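Good morning, everyone. Please have the sequence and the model open while I talk. I'll keep this brisk.

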Amino acid sequence: NDLIVTSGGVSMGEEDHIKPAVSAEGRLDSWLVAMKPGKPVAFGRVNDPAGGAGAAFIGLPGNPVAVMGTFLAFVRPALLRMMGCAAAAPVLLKARSAEAIRKKPGRTEYQRGTVTTAADGSLQVRTTGSQGSGVLRSMVEANGLIVLPHAQGHVAVGDEVSVMMLAHD
C-alpha cells in the first residue's frame with residue numbers, strides 16, 4: 001500500500017484506538033490540526049513487515065462532515081500528488097458573503113456553503129445553516145466550502161471570502 005486512510009478513532013477518548021495501533025506498527029508525526037471541523041487528524045507512516053518503505057498514513061476524524069472536510073483538505077491532494085498530478089492543491093474561488101458569519105480567530109474553518117451567481121454576474125455564497133460536525137445535511141446541501149483562514153474573525157455581509165468548490169469538471 002502507498003497510503004492507508006482510516007476514519008474515526010484518532011481523538012482522545014478511551015475508544016480511540018487508531019493512534020496506539022499506528023504507533024505500534026510505525027509512527028505518528030502529528031495528530032491535531034487547527035481546523036474546524038476536523039481537529040483530530042493523524043499523519044504518520046506504517047511500517048512494511050517485509051522491510052519495504054511502508055505506507056503513508058492519514059487518520060481522519062469520525063464525524064461525517066469532519067471526514068468530508070479533512071478528506072478534501074488532506075487526502076484528495078495527497079492522492080493526486082501520489083498519482084503524479086502537478087496541481088494537487090484545491091482551487092479556491094472568490095465570492096461575496098450573502099450573510100454575516102461568526103468565526104473566532106485561531107484556526108482555519110471550513111464552513112459548508114452554497115455558491116450562486118448574483119444578478120450582476122458575481123459569485124455570492126451563504127452557509128447551509130448549522131455547521132456542527134455531525135450535521136450531514138449541511139454537507140449534502142453545500143456545493144462549496146467557505147474557507148476562513150486561521151487569523152480571520154467574523155465575516156460581514158458583502159465581505160469577500162474564499163470558497164473551495166466541491167464539484168470539479
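A strand here is a DSSP run of E with at least two residues, and strands are numbered from the N terminus. With that in hand, go to Ile58, which sits in strand β5, residues 55–60. One caution before we go on: this is a predicted model.

Is Ile58 buried or exposed? The cut-off for buried is under 20% relative accessible area. Ile58 has 6% relative accessibility, so it counts as buried. Now look at who surrounds it. Leaving out residues up to four places away in sequence, Ile58 touches Leu3, Ile4, Val5, Thr6, Val41, Ala42, Phe43, Phe74, Val75 and Ala78. Take Thr6 from that list. Ile58 and Thr6 are 52 residues apart in sequence, yet their C-alpha atoms are 6.7 Å apart in space.

Let's zoom out to the chain. The protein chain has 169 residues, and 39% of them count as buried. There are 3 helices and 10 strands. Starting at the N terminus, the order is β-α-β-β-β-β-α-β-β-β-α-β-β. Along the principal axes, the C-alpha atoms fill a box of roughly 60 × 40 × 30 Å. What share of contacts join residues at least 24 apart? Among contacts between residues at least 6 apart in sequence, the share is 58%.

How confident is the predictor? Mean pLDDT for the chain is 89, and 97% of residues reach 70 or more. Confidence is lowest in strand β3, residues 35–36, with a mean of 84. It is highest in strand β8, residues 123–127, at 97.

Next, Thr70. You will find Thr70 in helix α2, residues 64–82. Its relative accessibility is 0%, so Thr70 counts as buried. What does its side chain reach? A polar atom of the Thr70 side chain lies 2.7 Å from the backbone oxygen of Ala66. The backbone oxygen of Val67 lies 3.2 Å from a polar atom of that side chain. Beyond four places in sequence, Thr70 touches Met35, Pro37, Gly38, Val41, Leu60, Pro61 and Val75.

Stay with Pro37 for a moment. Pro37 lies in the loop between β3 and β4, where β4 is 40–46. Which kind of peptide bond joins Lys36 and Pro37? The bond is cis, with omega at about -10°. For background, most peptide bonds are trans.

Lys36 leads us to the largest pocket. That pocket holds about 210 Å³ of space. It is lined by 13 residues, and the closest to its centre are Lys36, Arg102, Lys103, Glu109 and Gln111. Which strand gives the most to the lining? Strand β7, residues 108–117, does, with 4 residues. By class, the lining has 7 charged, 4 polar and 2 nonpolar residues.

Last stop: Ser162, in strand β10, residues 160–165. Its relative accessible area is 14%, so Ser162 is buried too. Its side chain makes a polar contact of 2.8 Å with the side chain of Lys94. Not counting residues up to four places away in sequence, Ser162 touches Leu92, Leu93, Lys94, Leu145, Ile146 and Val147.

To recap: Ile58 is buried, Thr70 is buried, and Ser162 is buried. Lys36 takes part in a cis bond, and Lys36 is also among the residues closest to the centre of the largest pocket. That's my tour. Thank you.

Conventions:
Residues numbered from 1 in each chain as written. Predicted model: local features only at pLDDT ≥ 70, side-chain atom pairs only at ≥ 80, totals over all residues. Heavy atoms only, no water. 1 Å grid on protein atoms, 1.4 Å probe; cavity = no way out; pocket = protein on both sides within 12 Å on 5 of 7 lines; lining within 4 Å. Points joined across faces, edges and corners; volume = space filled by probe spheres on them. Nonpolar A, V, L, I, M, F, W, Y, C, P; charged D, E, K, R; others polar. pLDDT = per-residue confidence, 0-100. Buried < 20%, exposed > 50% of the residue type's maximum accessible area, 1.4 Å probe, protein only. Polar contact = N/O pair within 3.5 Å; in protein donor to acceptor, adjacent residues only side chain to side chain. Contact = heavy atoms within 4.5 Å.
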